[in-house]
Amino acid sequence: MTWRKSQDKEISLTLRESARLSVAPMMDWTDRNCRFFHRLISTQTLLYTEMVTAPALVRGGALHLLDFNAEEHPVALQLGGSDPLELAQAARLGAQAGYDEINLNCGCPSDRVQSGTFGAVLMKHPQLVADCVAAMKEAVDVEVTVKCRIGVDEQNPQEVLPDFLEHIAKAGCERVTIHARKAWLQGLSPKENRDIPPLDYDLVLQMKQAFPQLHLSINGGIEDLDTACALLDKGLDGVMIGRAAYHQPWQVLAQADQRIFGIDHATTQDQVIADMLHYIERHLSKGGRLHQITRHMLGLFAGQPGARRWRQVLSTEATKEGAGPEIVLHAINAMKEAAA
């Protein structure tokens, strides 16, 4: 598959190769504007949508939730649901929309997700997940994958996780991303579930040894490319980075093409800004608002002199009525002045 051009050469990577590094699906964050921005920084990293529920697509007809930019490839659609037939229909809609992968969410711990009997609560129902995977695979030609936790509540991950993986592997799932934390469905908020349960990278490494045929990616607590490379060197097939890639996109993604994929992709922050200004103009011409894009760009200069001023200008000015590309230019100038 040919995704993008780098240094005027077309780079062909399989989806599995792109999955060596991915940006996690994050609700309210990884929308199409965010993914376009991330793609400018890394041409190869696999990107994921926010979770889209199967009922919203199948029963609600909310097909606009599937909209994405052609430049985003490789890009995966994450679905939430627990009804095999409904998920199969939603997967078919996603494949028809052009997504390269359909991912089933078995890791989200929110109350809303629990009430719909999907997300992390599905760790308690491995056969149901297997049925969902089988139905989705039957419905589409693109790869069907799963993102899960190591367990939930009082489950013993050493027992639960291998049983879960065995079920979905038998159903035909060949690629899994494991968030290396338990999810506590009672007593912890979704935010607390991202930090408080301890990480168990060793267990995920054990699963790679136990299931060598599976392409296993690890997620949770990974904040930089050094850590990602170290985990790949230990034998894992992929690394998924979430909040760090969002809050420090340049630090995490700018060197990814070279360090993770061995591809010479040279871009600059100035070039990213220039490309985003063109994108912003198109977005505004269609009735969009500036802050819908710039909110994802706040971390572009994280850790650099003047970055705080960049964030301040975008946060306060981009939300105003009629705000346009000039706000981004103002933010750049304010950052340079602050850094001087």
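The second largest pocket in this predicted model has a volume of about 630 Å³. It is lined by 25 residues, and D31, R32, N33, H64 and D67 are the closest to its centre. The largest pocket has a volume of about 820 Å³.

**Second largest pocket**
- Two or more lining residues come from each of α2 (32-41), β4 (46-53) and α14.
- Strand β4 contributes the most to this lining, with 5 residues.
- The lining of the second largest pocket holds 7 nonpolar, 10 polar and 8 charged residues.

**Largest pocket**
- Its lining has 32 residues, and P25, M26, H179, R194 and R243 lie nearest the centre of the largest pocket.
- The elements that supply two or more residues to this lining are α5 (111-115), β7 (143-149), β10 (238-241) and α11 (243-247).
- Helix α11 has the largest share of the lining, 3 residues.
- By class, the lining of the largest pocket has 14 nonpolar, 11 polar and 7 charged residues.

**Packing of α14 and α17**
- On the α14 side, I273, L277 and I280 meet V328, L329 and I332 of α17.
- The residues of this contact comprise 6 nonpolar, no polar and no charged.
- Helix α14 is also one of the elements that give two or more residues to the lining of the second largest pocket.

Definitions and conventions. Residues are numbered from 1 along each chain as its sequence is written. This is a predicted model: local features need pLDDT of at least 70, side-chain atom pairs count only at pLDDT 80 or more; totals for chains, interfaces and linings use all residues. Side-chain values use heavy atoms; hydrogens and water are left out. Contact means heavy atoms within 4.5 Å. Helices (H or I, at least four residues) and strands (E, at least two) are DSSP runs, numbered from the N terminus. Ala, Val, Leu, Ile, Met, Phe, Trp, Tyr, Cys and Pro count as nonpolar, Asp, Glu, Lys and Arg as charged, and the others, Gly among them, as polar. On a 1 Å grid over the protein atoms alone, a cavity is a set of points where a 1.4 Å probe fits but cannot get out, and a pocket is an open set with protein on both sides within 12 Å along at least five of seven lines; lining residues have an atom within 4 Å of a point. Grid points are joined across faces, edges and corners, and a volume is the space filled by probe spheres set on the points.
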